[in-house]
Amino acid sequence: MTTTTVPAPALAPTSPLAQLWRFLLVPRVSDRDLYLRERTIRIVALISLLFALLASVASLFVFRDVFEFVSYPSLYLIVFLSSTAAMVLVTRGNLLGAGWAVVVGWFISTTLVAAIDAGYPAQIHTALLLLSCLLAYSVLPQRTIWIAAAFATLAAMLPTLSSANPADMFSIALTNVTVFGLAALFLYQQSSESNDRLRAVQTALKAIEVARAEADLANQAKSNFLANMSHELRTPLNAIMGYVDILRYGMAGELTSTQTGLLQDVAQNNTRLLALINDILDVAKIESGTTTLLETIADPQEVVMRTVEALRGLLLNKNIELNVVFTEDAPSVVLMDVTKFQQVLTNLIGNAIKFTEKGGVYVTVDGNSPDEWHVKVRDTGIGIPAEAKAYIFEKFRQVDSSTTRVRQGTGLGLAIVKGLTELFGGEITVESQPHVGTTFTLSLPRNRSRIDTRSEAHEQTSV
Amino acid sequence: MSKPVYNFMLIDDDIDTQRIFRMVVGQHPHRLTIAGNATEAFDILKEEQPDVIVIDLLLPGLDGYQVCERIQRDDLAGGADMVATTAYHSVGTKEIVLARGFSEFIPKPLDSASLVNFLEQVARRRN
């Protein structure tokens, strides 16, 4: 549904009459559909009001007996009051209430008229009743309008049943049928218009679906391409590594220390390039959903210890400590893909060590929740600024590349960590204060029921 | 030198790998024969009895797995240890190759510094 704002009134009204006109008839909503509806209600309520007023005044002079003197003005008064109520409700924004007020007023009045006076020209009431039904259509749900129209016809038919004159009956019936038929046509047209709008919306939705499927295919193709390219790049890189190694180990002749040093640099850059390619491949596989988990029963405490110990070598030349703590409730058995879990933990601990100069890196494993267990990697390093926290998990994003020039990474590490964690069914969060430290928290599912139903445990193959 | 001399074999179609292997192993007294594909390999194995065979998984024609299978099935190498190698490895590759009949796995890029040590270690295990 497109919303068009209604143009603002051109000139401020000057006369009190113009002001009253504006107050009564100009809708206050800006939505186009509601604008038309509100305007319809306002006009019909106003007409009902004026008609009821005039009719009740006129009927005072046309009474035939005391009964009529009292009853007809009273009936028109009902309509007058309900129309006023409608106007009041409209000005307060209650369109639904206004619609019902007019319809109810005319229903009561018409039914009472038919009950009181069989000879009363029911056509007028029928027409006005149907008018109020059309008005009601603009505010009532579509189902209700058919019921309202049916009751309108029924109420209008009552006088014809009591009439003795067949010609009279015929003309009244004809009028009713004609008016009802017109109303039905109008309603049908309205409903087919809304059907057209519905169909347009459905077509648009389908187009969106198609576009999304195409985008998914393109994404898949891109991931496949990346994976293939990574493979292709490895072959020449491996060859370069091999030749450089042969040269720098003196296997192709003696080298000066300068030459060895230069070849060392070549080798380092090559290693970095290879790490980058491997990371790109990991990211591509995670994105295209082709990473499979090799889950086995494992002791998380043993796995974490093993991973931490393997990283002790990074502490060389650094005056920081590396500790692991397992709380009492830490699980002793979980279902996990050990290698990928190690990959995640290695990345987090490696980063923590890289960015910490004093203090240490502290790993905590706890299981203080029945559905999940946590691994926290806390460091007392340089921390992450608040703005950076939002994008550190994105690909190729590194915090402040100027200060991290010396600590080069691929920029993909955390993206891979996040991708793998989510593959495990868990999530990763980060808390940090610049110059104080950073804590990464892995929340992993316990998978209790899956462990219970496993028939055999697998022995871990040492890598 | 009392160090034992071994007989190594490489089955790999990549020219650079062949050259590097030759240069690295050439620093030692060990014997090295190279085949570029399965057919050449089976031919060579009619004459040679290597201690360790390094097989690249991606070969033209029969792939590394199939070559390993054939050698073992027809006992073409007198029970030599077979080491798989590939540039296209990931987590879990080692487990996979071990399950397919290889006794070891080394990833590419080959670490020139430790390659010969590694091969000697594997060969030593046989005796």
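Q: Is B:Lys108 buried or exposed?
A: B:Lys108 counts as buried, at 9% relative accessibility. Buried means under 20% relative accessible area, exposed means over 50%, and partly exposed lies in between, with a 1.4 Å probe and protein chains only.

Q: Before we go on, where do the values come from?
A: This is a predicted model, in which local features need pLDDT of at least 70 and side-chain atom pairs count only at pLDDT 80 or more, while totals for chains, interfaces and linings use all residues. Residues are numbered from 1 along each chain as its sequence is written, chains are lettered from A and ligands numbered from 1 in the order in which they are written, and side-chain values use heavy atoms, with hydrogens and water left out.

Q: With which residue does B:Lys108 form a salt bridge?
A: The partner is B:Asp12, and the closest N and O atoms are 2.7 Å apart. A salt bridge is a side-chain nitrogen of Lys or Arg within 4 Å of a carboxyl oxygen of Asp or Glu.

Q: Where do B:Lys108 and B:Asp12 lie in chain B?
A: B:Lys108 lies in the loop between β5 (104–107) and α5, and B:Asp12 in the loop between β1 and α1 (15–25), so the pair ties together parts of chain B that are 96 residues apart in sequence. Helices (H or I, at least four residues) and strands (E, at least two) are DSSP runs, numbered from the N terminus.

Q: And is B:Asp12 buried or exposed?
A: B:Asp12 is buried, with a relative accessible area of 0%.

Q: Which residues does A:Asn238 touch?
A: Leaving aside residues up to four places away in sequence, A:Asn238 touches A:Leu274, B:Ile20, B:Ala87, B:Lys108 and B:Pro109. Contact here means heavy atoms within 4.5 Å. A:Asn238 is placed in helix α7 (residues 166–248) of chain A, and A:Asn238 is buried, at a relative accessible area of 8%.

Q: Back to salt bridges: how many does the structure hold over all chains?
A: There are 18 salt bridges over all chains. One of them joins B:Lys3 and B:Glu120, with the closest N and O atoms 3.2 Å apart. That pair links distant parts of the chain, 117 residues apart: B:Lys3 is in the segment before β1 (7–11) of chain B, and B:Glu120 is in helix α5 (residues 112–126) of chain B. B:Lys3 is partly exposed, with a relative accessible area of 45%, whereas B:Glu120 is buried, at 5%.

Q: What about A:Lys340: which residue does its side chain meet in a salt bridge?
A: The side chain of A:Lys340 meets that of A:Asp337 (3.2 Å, N to O). A:Lys340 counts as buried at 6% relative accessibility, and A:Asp337 counts as buried at 3%.

Q: New topic. How many aromatic pairs are there over all chains?
A: The structure holds 4 aromatic pairs over all chains. Among them, the rings of A:Phe341 and A:Trp373 have centres 5.8 Å apart and planes at 40°, so the pair is tilted. Rings of Phe, Tyr and Trp (its six-membered ring) pair if their centres lie within 6.5 Å; planes under 30 degrees apart count as stacked, over 60 as edge-to-face and the rest as tilted.

Q: Where do A:Phe341 and A:Trp373 lie?
A: A:Phe341 is in helix α10 (residues 338–354) of chain A and A:Trp373 in strand β5 (residues 372–379) of chain A, so the pair ties together parts that are 32 residues apart in sequence. Both A:Phe341 and A:Trp373 are buried.

Q: What is the arrangement of the rings of A:Phe393 and A:Phe440?
A: Their centres are 6.2 Å apart and their planes are at 80°, so the pair is edge-to-face. A:Phe393 and A:Phe440 are both buried.

Q: Finally, how many helices and strands are there in chain A?
A: Chain A has 13 helices and 7 strands. Of its 463 residues, 38% are buried. Among contacts in chain A between residues at least 6 apart in sequence, 70% join residues at least 24 apart.
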